[in-house]
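Please read them alongside the coordinates.

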Amino acid sequence: MANIKATDLPAWEKRVQSGVHFMLGNYALVEGAISAGCDFFAGYPITPANEISERMSQRLPEVGGKFVQGEDELCSIYACAGAALAGGKVMTATASAGFNYMQEGLGYCYTVEAPVVIANVQRCRGENYASQADVYQMRYGASGDYEAIVVCPSSVQELYDYTIWAFNLAETYRNPVIVMSETTIALMRERLDIPQAGAIELFNRRYTTLPPQDYQPFAAAPFGCPDAAPLAQGYHTIYSLNPHNEMGSIDWDPDEFERLYRRVCGKIQENSDKICRTERYDLDDAEAAIVAYGSEVRPALEAARMARESGYKLGVLKLCNIWPVPEQALRELSGQVGTIYAVEMNNGKYVREIERCAAGKCAVVSVPKNRGLAHTAREIYDAVMRGVK
C-alpha cells in the first residue's frame with residue numbers, strides 16, 4: 001500500500017490538533033481517527049462510548065466529513081460498510097451490548113472486505129463498569145470464516161496512537177479492525193501528545209489501474225488483497241455476503257468458495273508477523289513474566305516493579321494486539337521463563353491462547369478478575385508471590 005504523509009491530505013491543519021492536551025480517552029480516540037483521515041462515522045448512543053459520537057458530531061463537519069446517528073447499531077455498521085466501499089475511511093463505536101447487535105453487519109464487512117474501524121468500549125453486562133469480557137466475541141462473534149484484527153490500547157495516548165494504527169491496518173488489509181477499548185481508559189483523562197501532521201504516516205488502500213472491462217473486484221494473489229475500484233467511474237461491483245467468484249458474481253462453486261475464504265483468511269494469517277506488536281519490560285533476566293493487554297498492563301508493570309524490589313525477577317510482556325495472536329512472541333517467552341501469569345479483567349479467557357502457544361514449555365497461571373474493576377498492582381503482586389512460595 002502506498003505511504004502518504006498527513007500533510008498531503010486536504011484541510012490537514014484542522015484534522016491534526018498538534019500539541020499537548022489533557023484529554024478524555026474517548027476524545028483521544030476520536031482525534032486519532034480524524035488524524036488518520038476518517039471522513040465518515042455512524043453510531044448509536046450507548047455508554048460508555050457516548051463521548052465518541054458526541055465529539056465526532058463536532059469534529060467531522062469541521063474537516064468536511066459526515067456524521068450519522070444511526071437508528072440502531074445494525075444501521076450504523078451497514079452505513080459504515082457502504083461508506084467504506086464507496087471509498088471513505090470510516091468508523092463506528094459502541095459498547096459490549098451494542099457490539100452484539102453489530103455482528104451481522106460485521107460479518108458482511110469481513111466477507112466483502114470493507115475496511116471499517118470499530119471501537120468497542122467494553123463494559124460489564126448492563127452496567128457501566130470495566131471489563132475485558134469481549135475478547136472472544138471480537139474474534140468469533142460473526143458467522144462464517146474470517147480473521148479478526150483487534151488492537152488493545154492501555155492509555156489515553158495509545159487510544160490516539162492505536163486508532164491511527166487501526167485505520168492503517170484496515171486500509172492495508174481491506175479488513176475490519178477493532179479498537180478494544182474499556183471503560184477504564186475511555187473515561188480517564190491523561191496527557192495526550194499529538195504530533196505534527198507531517199510526522200504521521202498513513203496508508204491508503206490501493207486502487208485498480210485496470211479499465212472497467214478488465215477489472216475483477218475480488219481477484220488477488222492467494223494471500224493478498226484485491227485492488228479497490230473508484231466510485232462513479234464505470235466500475236460495477238456486486239458486494240454480496242453470498243459465495244462469489246473473482247468477478248463478484250454470486251455463484252455457488254465449492255472450488256471458488258474454498259479459494260475465496262482461503263484468501264480472505266490467509267491475508268491476515270500469512271501476515272500476522274507484520275501485524276502483531278508486543279512490548280517487553282524487564283524480561284531479559286526474568287524468572288517469570290506477566291502477560292497483559294489493555295488497561296491491565298498498567299497495574300502489571302507496577303506489580304513487576306514491586307516484585308523486583310522484593311528480590312524476585314519479574315517482567316511483563318504487553319500485547320498491543322490480541323488478534324491475530326502474537327504467537328511468536330508468546331512462544332519465545334514461554335521458552336525463557338518458568339511461569340507466565342495471564343492477567344485479565346474477566347473470568348480467564350485469553351489465557352487459553354497463551355497456554356496453546358506455550359505448549360507445555362512453562363507453567364501458565366490464570367490471574368482473572370471479574371468485579372467491574374481492573375486489578376490493583378498489589379493483587380497481581382500477591383498472586384505472583386503466592387506462586388513463588
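1. Which side chain meets Lys 318 in a salt bridge? The partner is Glu 279, with 3.6 Å from N to O. This is a predicted model, and side-chain atom pairs were counted only at pLDDT 80 or more.

2. The salt bridges number 23 by the rule applied here. Another one is formed by the side chains of Glu 113 and Arg 263, at 2.7 Å from N to O. Glu 113 sits in the loop between helix 6 (103–112) and strand 6 (116–122), while Arg 263 is in helix 10 (residues 254–269); 150 residues separate the two. Both Glu 113 and Arg 263 are buried.

3. Asp 227 and Arg 206 also form a salt bridge, and their closest N and O atoms are 2.6 Å apart. Both residues are in the loop between strand 10 (201–204) and helix 10, 21 residues from each other. Asp 227 is partly exposed, with a relative accessible area of 23%. Arg 206 is likewise partly exposed, with a value of 41%.

4. Some salt bridges share partners. Glu 31, Arg 55, Arg 59 and Glu 62 are joined in this way into one network.

5. Turning to the sheet: seven strands make up an open, mixed sheet, and their order is 4-3-5-6-8-7-14. Its edges are strand 4 (66–69) and strand 14 (321–323), each of which pairs on one side only. From one strand to the next, the twist averages 20°.

6. Within this sheet, strand 3 (residues 40–43) and strand 5 (residues 90–94) run parallel and are joined by two bridges. Phe 40 stands opposite Val 90 of strand 5. In general, the strands of a sheet pair through backbone hydrogen bonds, in either a parallel or an antiparallel manner.

7. Is Thr 92 buried or exposed? Thr 92, a residue of strand 5, has a relative accessible area of 0% and is therefore buried, the limit being under 20%. Beyond neighbours within four places in sequence, Thr 92 has contacts that include Phe 41, Ala 42 and Gly 43. Others among its contacts are Ser 76, Ile 77, Cys 80 and Met 102, as well as Val 117, Ile 118 and Ala 119.

8. Helix 13 (residues 327–334) and helix 14 (residues 351–358) have axes that come within 8 Å and cross at roughly 65°. The crossing is right-handed. On the helix 13 side, the contact is made by Glu 327, Leu 330, Arg 331 and Ser 334. Helix 14 contributes Ile 354, Arg 356, Cys 357 and Ala 358. By class, the residues of this contact are four nonpolar, one polar and three charged.

Key
Residues are numbered from 1 along each chain as its sequence is written. This is a predicted model: local features need pLDDT of at least 70, side-chain atom pairs count only at pLDDT 80 or more; totals for chains, interfaces and linings use all residues. Side-chain values use heavy atoms; hydrogens and water are left out. Axes are lines fitted to C-alpha atoms, for helices over the stretch in contact, and angles run from 0 to 180 degrees between N-to-C directions. Helices (H or I, at least four residues) and strands (E, at least two) are DSSP runs, numbered from the N terminus. A crossing is left-handed if the near helix is turned anticlockwise from the far one by less than a right angle, and right-handed if clockwise. Contact means heavy atoms within 4.5 Å. Ala, Val, Leu, Ile, Met, Phe, Trp, Tyr, Cys and Pro count as nonpolar, Asp, Glu, Lys and Arg as charged, and the others, Gly among them, as polar. A salt bridge is a side-chain nitrogen of Lys or Arg within 4 Å of a carboxyl oxygen of Asp or Glu. Buried means under 20% relative accessible area, exposed over 50%, partly exposed in between (1.4 Å probe, protein chains only). Two strands pair if DSSP finds at least two bridges between them.
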